[in-house]
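Have a look at the fold first, and then read on.

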Amino acid sequence: MTSAAENERGRLSRDVIVATAVRLIESDGEAAASMRRISAELGVAAMSLYNHVPNKAALLDAVGEFVRGQIVLPTDPGLDWEARAREMVRAFRDVVERYPRCVELMMARAPSSLVGLEPLEYALEMAEQAGFTGRDALRVVRAFVAYAIGATTTAAHRARAVESLPATAPDPAVLARYPRIAALGVDVTVDETDFDFGLDLLIDAVTHLRGSR
């Protein structure tokens with residue numbers, strides 16, 4: 001007869017624990033990913049988690065590793081640097097949209113495995129292809145990553161802001177003081193064309209910077 005402890009070990013794994021932590025972080029924030037909370041979610045003893053994850057720090061590192069592993073980078077070796085940059089930024093944006101809180105945690109923690117290093121190596125190679133080396137290449141990479149995170153986060157916030165707008169039309173007397181805003185209307189959501197427009201600006205700026213050196 002199989003014991004309860006054996007059943008518990010059988011349904012536990014590092015992947016299951018990390019997936020539960022990711023779900024809790026996205027739902028309730030980083031503090032929710034405690035060993036006690038995770039064990040309660042899985043219906044196991046808290047101490048059993050330590051057979052797979054040695055401590056909370058290792059768990060958070062694993063969450064960061066998981067998120068980095070979700071960044072699907074293009075594999076076509078014939079892409080020029082601009083196409084690679086666009087695909088990389090969009091891939092990063094997709095992950096930010098799916099795991100906004102975990103991405104924030106990931107950015108605050110150093111890569112803990114080769115999986116974590118792959119996106120950075122790819123990005124540095126892209127920057128090198130664009131004509132930058134060393135510290136400048138890293139700065140280019142950081143600019144693209146910052147845009148992916150910032151633009152995606154801003155779009156999410158603006159979407160929520162639009163949802164909370166009152167149903168009544170704004171006071172015309174107030175809008176008369178802000179004619180440019182009035183001309184745009186109350187729809188301040190960010191769509192795909194806004195994201196691409198900003199990415200175009202960034203790529204143009206990188207191209208100009210390369211040409212000025």
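Among the elements that line the largest pocket, α8 is the main contributor, giving six residues. Keep in mind as you look around that this is a predicted model. The helices that each supply at least two residues to this lining are α5 (81–98), α6 (100–107), α7 (114–129) and α8 (134–163). By residue type, the lining of the largest pocket comprises 16 nonpolar residues, one polar residue and two charged ones.

How much space does the largest pocket hold? Its volume is about 390 Å³. The lining counts 19 residues, and R68, F92, M107, L120 and V145 are the ones closest to the centre of the pocket.

Now for the second largest pocket, which has about 250 Å³ of space. Here 13 residues form the lining, with V96, P100, R101, T153 and A156 closest to the centre. Two or more lining residues come from each of α5, α6 and α8. Which element gives the most to the lining of this second largest pocket? Again the answer is α8, with six residues. The lining of the second largest pocket is made up of six nonpolar, three polar and four charged residues.

Next comes a stretch with an annotation. In UniProt, an unreviewed entry lists residues 34–53 as "DNA-binding region". In the model, residues 34–53 are 40% helix and 0% strand.

Finally, let's turn to helix packing. Two pairs are set out here:

| Helix pair | Packing angle | Distance between axes |
|---|---|---|
| α4 (residues 56–69) and α6 | about 110° | 9 Å |
| α5 and α7 | about 150° | 9 Å |

Take α4 and α6 to begin with: they pack at an angle of about 110°. Angles of 65 to 115 degrees count as roughly perpendicular, so α4 is roughly perpendicular to α6. The crossing of these two helices, α4 and α6, is left-handed.

How are α5 and α7 oriented, roughly parallel or roughly antiparallel? Their packing angle is about 150°. Angles over 145 degrees count as roughly antiparallel, and therefore α5 and α7 are roughly antiparallel to each other. Where α5 passes α7, the crossing is left-handed.

How values were computed: Residues numbered from 1 in each chain as written. Predicted model: local features only at pLDDT ≥ 70, side-chain atom pairs only at ≥ 80, totals over all residues. Heavy atoms only, no water. 1 Å grid on protein atoms, 1.4 Å probe; cavity = no way out; pocket = protein on both sides within 12 Å on 5 of 7 lines; lining within 4 Å. Points joined across faces, edges and corners; volume = space filled by probe spheres on them. Helix = DSSP H or I, 4+ residues; strand = E, 2+ residues; numbered from the N terminus. Nonpolar A, V, L, I, M, F, W, Y, C, P; charged D, E, K, R; others polar. UniProt positions renumbered as here; feature names shortened; annotations may be inferred. Axes fitted to C-alpha atoms, helices over the stretch in contact; angles between N-to-C directions. Parallel < 35°, antiparallel > 145°, perpendicular 65-115°, else oblique. Left-handed = near helix turned anticlockwise from the far one by under 90°.
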